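Here are my notes for you to read alongside the structure. Take the points one at a time, and keep the model open as you go.

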Amino acid sequence: MPEVTVRHSDKKSELFSVDKLRASILSAALANSVPEGQATQIADTVTKNVDKWLKGRAVVTPKDIRRVAAQTIEPLHPGLAFFYAHGDRII
Amino acid sequence: MNTILSFSIILLAALVHASFQLSVGCLLLLFHRNFGGKKTRARTHEYVGSFIVGAGLTIFTVLSALSFWVVSAFHSGIPASFWITEIALSVGLGLFLLLFYYRRGKHTELYLPRKLAKFLSVQIKKANNNHEAFGFGVVSVVGELPFVIIITLVGATSLAELTSFWRPIASLMYVLVAILPLVIIGFTLRSRRTISEVQKWRVHNKNFLKVMSGLCAIVLAAYLLAFKLVPLIGGY
């Protein structure tokens, strides 16, 4: 897969990492008392879907990734989808 | 009568204090990072407990320090100018809570310097023991001190007017009411409710919380005006 740059709002940027995305979904799922097996399944589905969405894109923002990930989680676990979409804006 | 009046002011001030949301947000982040980071439920709740104790002790320390300052500074009673300052600041705080405190949007982001918010959310990830969780409880209260200090000062002034018998009881009441949201959320998460349910409730009731906290601060100012300033100026 070609390298995709994630540009943050403070103008810093980094390369997209599947592991980082997977870890953040797993963490959100476990914090929401989703059983570990189901959490892993959700994380795998979401990373695959986000990976597919990233094809053909060179630069994305963390907001884009969260939005696409939350859209994928929605049918699997609506509560988790809400938390994942807005979980970075708690304070 | 004076004791009841002071207690009611302290209670109202504590309610306004309780409506500030930085500590609540930090508590949720602490829960998220630890329970989501594969720590056991029991260990996560221990951290939540330490966080609440840290926040409570900090509020108690600030309240006591301000009360001590008021007692030392005004030996012959609180002057009218001091009440006027507190009333003006409370109205200002009420308007700030109503208009600016929460950022617009489907989230619970607060009107805090973004660097501070980012620093807190990054550092909370690293909380790995009870001492650090306690420390974050302290920091979450200190982070909001520029706003909360107005309300704590009102509480401390009323505290200074009480006899030494009632002071510890009133201080304890202030602290318990101020940390009540943290305790309720701690118990909610303990009773197997999920963090997303809590956050959803906060987002959906954001406007209600905003209006209630802002109005409470303005009511507190009106209360001070009617029961403290007017009798003092009127001389009865």
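1. Let's begin with Ser9(A): is this residue buried or exposed? Ser9(A) is exposed, because 9 other C-beta atoms lie within 10 Å (a residue is buried with 20 or more other C-beta atoms within 10 Å of its own, exposed with 12 or fewer and partly exposed in between, the C-beta atoms being placed from the backbone). You will find Ser9(A) in the loop between strand 1 and strand 2 of chain A. Its C-alpha atom is 23 Å from that of Thr72(A), and the two are 63 residues apart along the chain.

2. A word on conventions: this is a predicted model, in which local features need pLDDT of at least 70 and side-chain atom pairs count only at pLDDT 80 or more, while totals for chains, interfaces and linings use all residues. Residues are numbered from 1 along each chain as its sequence is written, and chains are lettered from A and ligands numbered from 1 in the order in which they are written.

3. Now the layout of chain A, which has four helices and three strands (DSSP runs numbered from the N terminus: helices are H or I with at least four residues, strands E with at least two). From the N terminus on, the order is β-β-α-α-β-α-α. The C-alpha trace spans about 35 × 30 × 20 Å along its principal axes. Buried residues account for 34% of the 91 residues in chain A.

4. Which order do the three strands take in the open sheet? The order is 2-1-3, with mixed pairing (two strands pair if DSSP finds at least two bridges between them). Strand 2 (13-15) and strand 3 (59-60) of chain A are the edge strands, each pairing on one side only. Strand 1 (residues 5-7) and strand 3 of chain A run parallel and are joined by two bridges; Thr5(A) has Val59(A) as its bridge partner.

5. Next, look where the chains meet: 14 residues of chain A are in contact with 28 residues of chain B (contact means C-beta atoms, placed from the backbone, within 7 Å). On the chain A side, helix 4 (78-86) and helix 1 (18-31) each supply at least two residues, and helix 4 gives the largest share, five residues.

6. Helix 10 (residues 195-204) of chain B is worth a careful look. Ile195(B), Ser196(B), Gln199(B) and Arg202(B) are buried there. Seen down the helix axis, the buried residues fall within an arc of 120°, so they line one face of helix 10 (the arc is that of the directions from the helix axis to the C-beta atoms). They pack against helix 1 and helix 4 of chain A, together with helix 2 (22-35), helix 9 (180-190) and helix 11 (206-234) of chain B.

7. Tyr84(A) touches several residues, including Ile25(A), Ala28(A) and Ile73(A), not counting residues up to four places away in sequence.

8. Finally, two backbone angles to check. Ser33(A) is not a glycine, yet its phi is positive, near 60°; this residue sits in the loop between helix 1 and helix 2 (36-54) of chain A. Ser33(A) counts as partly exposed, with 17 C-beta neighbours inside 10 Å. Arg192(B) also has a positive phi, about 70°, and lies in the loop between helix 9 and helix 10 of chain B.

Note on methods: Two residues are in contact if their C-beta atoms, placed from the backbone, lie within 7 Å.
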